[in-house]
Amino acid sequence: MQYPFEIQGIAGCQLHPGGGTESFLRGALGGLDFVSLKNYSCVPAPEGGSRAQRICELTSQYKGIRDIGEKLLFETCPRYLLGVLDAGKTELQRKVKPEAWLSTAPRPGPGRLLLVCHVSGFYPKPVWVMWMRGEQEQQGTQRDDVLPHADGTWYLRVTLDVAAREAAGLSCRVRHSSLGGQDMVLYWGNPISVGLISLAIIVPLLILLIGLSCGFLRRWSYQSIS
């Protein structure tokens, strides 16, 4: 072999979705595949030629080295991987509901609005946020990068540039695994619900009735004393 030469290698284990683990080892020489490990056996790569075959023959002769390598790959690595996953299971299963609010950014132009939907404090990271009109997604929706908070939760800002006269009826919809399949919907302009309208009517009436009752009782008490 001519000097200098470059050797590259990767070894480890991975967890399959079904739950089983798989160990692997691959080596390269000069940027080309050289040898790999398959079913506890060294397999020369076609690109390695006779040198790769020779390396596999040599490794088979050194049983002590082979046993150490196999123990690390097929016993130690999977046991360590499963231990890390078990220790981090609570963190992996952690779910935090997002908070969301709407605002406007500086106007992008005369007669236009830049609507902003803020989604903050959610975990895990994957989240779907979209400006909507009814059930129709607004294709002009712009999504910023998802940014981290110091506590490990995430923040996202989603914007929509619209004509000011077209802002009415828009909403921001948020989907996240912590919401249990129930979308969070924020309406632009915060339209008053029927319940709030009823409350706005009932509360003044109650205050009026209480005031009249107190006046009647005071007058009745004064007449009784007289």
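Reply: Start with the largest pocket, which has a volume of about 520 Å³. The model is predicted. The lining counts 25 residues, and the closest to the pocket centre are Leu 25, Val 35, Leu 37, Cys 42 and Thr 59.

Which elements give two or more residues to this lining? Four are strands: strand 1 (7-15), strand 2 (21-29), strand 3 (32-38) and strand 4 (41-44). Two are helices: helix 1 (49-61) and helix 2 (63-87). By class, 14 of the lining residues are nonpolar, eight are polar and three are charged.

Two of these elements lead on to other features. Take strand 1 to begin with. Ile 7 is placed in strand 1. Ile 7 also belongs to a nonpolar surface patch, together with Tyr 3 and Phe 5. The accessible area of the three together is about 390 Å². Ile 7 has a relative accessible area of 62%, so Ile 7 is exposed.

Now helix 2. Here Lys 63 forms a salt bridge with Asp 67. Their closest N and O atoms are 2.7 Å apart. Why are the two separated by about one helical turn? Because they are four residues apart in helix 2. Lys 63 counts as exposed, at 51% relative accessibility. Asp 67 counts as partly exposed, at 32%.

In general, side chains of opposite charge can pair when their charged atoms come close. The model has 10 salt bridges in total.

Another of them joins Asp 161 and Arg 112, with 2.9 Å from N to O. Asp 161 lies in strand 11 (residues 154-163) and Arg 112 in strand 6 (residues 112-122), so this pair ties together parts that are 49 residues apart in sequence.

One more salt bridge links Asp 183 with Arg 175, and their closest N and O atoms are 3.0 Å apart. Asp 183 is partly exposed, with a relative accessible area of 25%. Arg 175 is partly exposed too, with a value of 38%. This pair is part of a network of salt bridges that links Glu 135, Arg 173, Arg 175 and Asp 183.

Definitions and conventions: Residues numbered from 1 in each chain as written. Predicted model: local features only at pLDDT ≥ 70, side-chain atom pairs only at ≥ 80, totals over all residues. Heavy atoms only, no water. 1 Å grid on protein atoms, 1.4 Å probe; cavity = no way out; pocket = protein on both sides within 12 Å on 5 of 7 lines; lining within 4 Å. Points joined across faces, edges and corners; volume = space filled by probe spheres on them. Nonpolar A, V, L, I, M, F, W, Y, C, P; charged D, E, K, R; others polar. Patch = residues over 30% accessible without salt bridge, like charges linked within 9 Å, V, L, I, M, F, W, Y side chains within 5 Å. Areas by Shrake-Rupley, 256 points an atom, 1.4 Å probe, with all protein chains shown as cover. Salt bridge = Lys/Arg side-chain N within 4 Å of Asp/Glu carboxyl O. Buried < 20%, exposed > 50% of the residue type's maximum accessible area, 1.4 Å probe, protein only.
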